[in-house]
Amino acid sequence: MLVGLLCSCLSNPGEAPPTGLLLSPIATAMRQPSSGAPTHLLVLNSNFNLRYAGGSLHSYDLDVLNATIDAACVAPRAGLSDAECRETEGCAVPEACVVVPEQLERVDDAGGQLIVTTAPGLLVGEVRVGSYGSSVALDAAGERVYLGIRADADITVVDLEADGGLRCGGNAGEVHECDAAHRHVDQTLAAARGLSLQPDPLGLSVRPLADLVAGEEGSAIIVAHRSGTASFLIDRGDGLTMVDSIDGFSSELIAATLGPDGAVWMPSALSPLIARIGVGLDGSADIAVEDGLLYNAGLARVAGVTGDGTLDARGVAFDSQGNTLVLTRLPGTLVVAQGGLQPDGRLSVVDSVEVGVGPSRLRVVTLHGREFAFVSCFDSRDVYVVDLVARELTAVVRGMTGPFEFEVDTVRERAYIADFRTSVLRVVDLAPMLACLDEPGVPGRECAPQLLGLIGRPTTLQGGLR
């Protein structure tokens, strides 16, 4: 369990991380405009081994990223087998084709085993944050980024500029460390209620304040803490303020997902119960979000998955048919529950699909009119794709070392996977899988999603390099 490996020492007063270097990337988010393709990919670097004084947040231009991958990694091997590619100058198989931002220095070719391409304009923003980051969430407008940072025992907020630049106390065009004002939640209001922000923020759920009180501007943030506590924060653009918290849930709350019922669902790695948290307001005409109080919206139970009653849930998601999807680690299963909760809190499990070992993150996306669940499996080093209509496995993306969080670009039909162990991003082409679904039964067609290349400097050589 990744979150269970952390030591009690969460800081290193040494040197800042090199600009442009991916450092055990652990969380991702993608800026998606109301129409068209996503524009920027955000990656939170955890600095997990404390080699440097802190972690970082990167912002990548997705047009540049994909154009460079196409030119450097895809075009040179068009029509060639991997064996033929290895014998062709300028051609690299996916695990050896590396794209790096221009800011990253001292990138070698590992003795001729890598083909490295520098991409100007790829990394358009970088700020330095605390170590052991855990989560990233964007506001509805795609203008503010919220980070759960465990070393700070706090939440960091970063402004995301239109061009992808990042700013948290410095200039968006320059690499800078987020200042204290951006790495701190104002707890004055909470303290008056006898409350304080708990450490170990592991999950973030963000929605507009207007969802809670009409006419309000800004964001409401619900934080899941490892201790079994949920916190309610608000941001009107001038910093984070803590409003309320609620505790008494199972420890190891590791995610926070807003459900269609308006509650935030928080699975636990230790409990068979999934916490559901709501924000209560009394409905008065002059009500403000500062008057909001968190409440227990009822615990959800997934029954019959394991014989001993444990669950070790790692994620919750919802499809367009009203089904609740729960990702369980023991066993590695995607559970499909139909309809709402029963009176006793049970979810009605109607199906389950086995996935890989160590499932970590879950995303539901629509591609070619079909809904899929993507599941990263850290221990078996792959990503499973499940067809939610047929409720069966569609494909497996293999060839990684430690896939953790990821984003699916439905317009470009690609996935961007943060590989924690190798400190790179892996770019995956989903088109072969989708072509086989659209036109099944074509002899000799390769249907598995294809790795295209890497972003960043690999920390270890991948299997198959010669």
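Hi everyone, let me start at the boundary: between domain 1 and domain 2 there are three residue pairs in polar contact, with both residues at pLDDT 80 or more. A polar contact here is a pair of N or O atoms within 3.5 Å; within protein, one must be able to donate a hydrogen and the other to accept it, and residues adjacent in sequence count only if both atoms are side-chain atoms.

On domain 1, strand S7 (133-138), strand S8 (144-149) and strand S9 (154-160) each give two or more residues to the side that touches domain 2. Strands are DSSP runs (E, at least two residues), numbered from the N terminus.

A word on the source: this is a predicted model, where local features need pLDDT of at least 70, side-chain atom pairs count only at pLDDT 80 or more, and totals for chains, interfaces and linings use all residues. Residues are numbered from 1 along each chain as its sequence is written, and side-chain values use heavy atoms, leaving out hydrogens and water.

Now the layout. Domain 1 covers 14-138 + 145-183 + 399-466, and domain 2 covers 186-354; the bounds come from an automatic or database domain assignment. Their centres, taken over C-alpha atoms, are 29 Å apart.

How much area is buried between domain 1 and domain 2? About 1,200 Å², with 66% from carbon and sulfur atoms; that is accessible area (1.4 Å probe) lost when the two parts are put together, summed over both. In domain 1, Tyr146, Arg150 and Ile155 lose the most, together 53% of what that side buries.

Arg150 also meets Asp200 in a salt bridge, 2.9 Å from N to O. The rule (a side-chain nitrogen of Lys or Arg within 4 Å of a carboxyl oxygen of Asp or Glu) finds one salt bridge across this interface.

Technical notes. Helix = DSSP H or I, 4+ residues; strand = E, 2+ residues; numbered from the N terminus.
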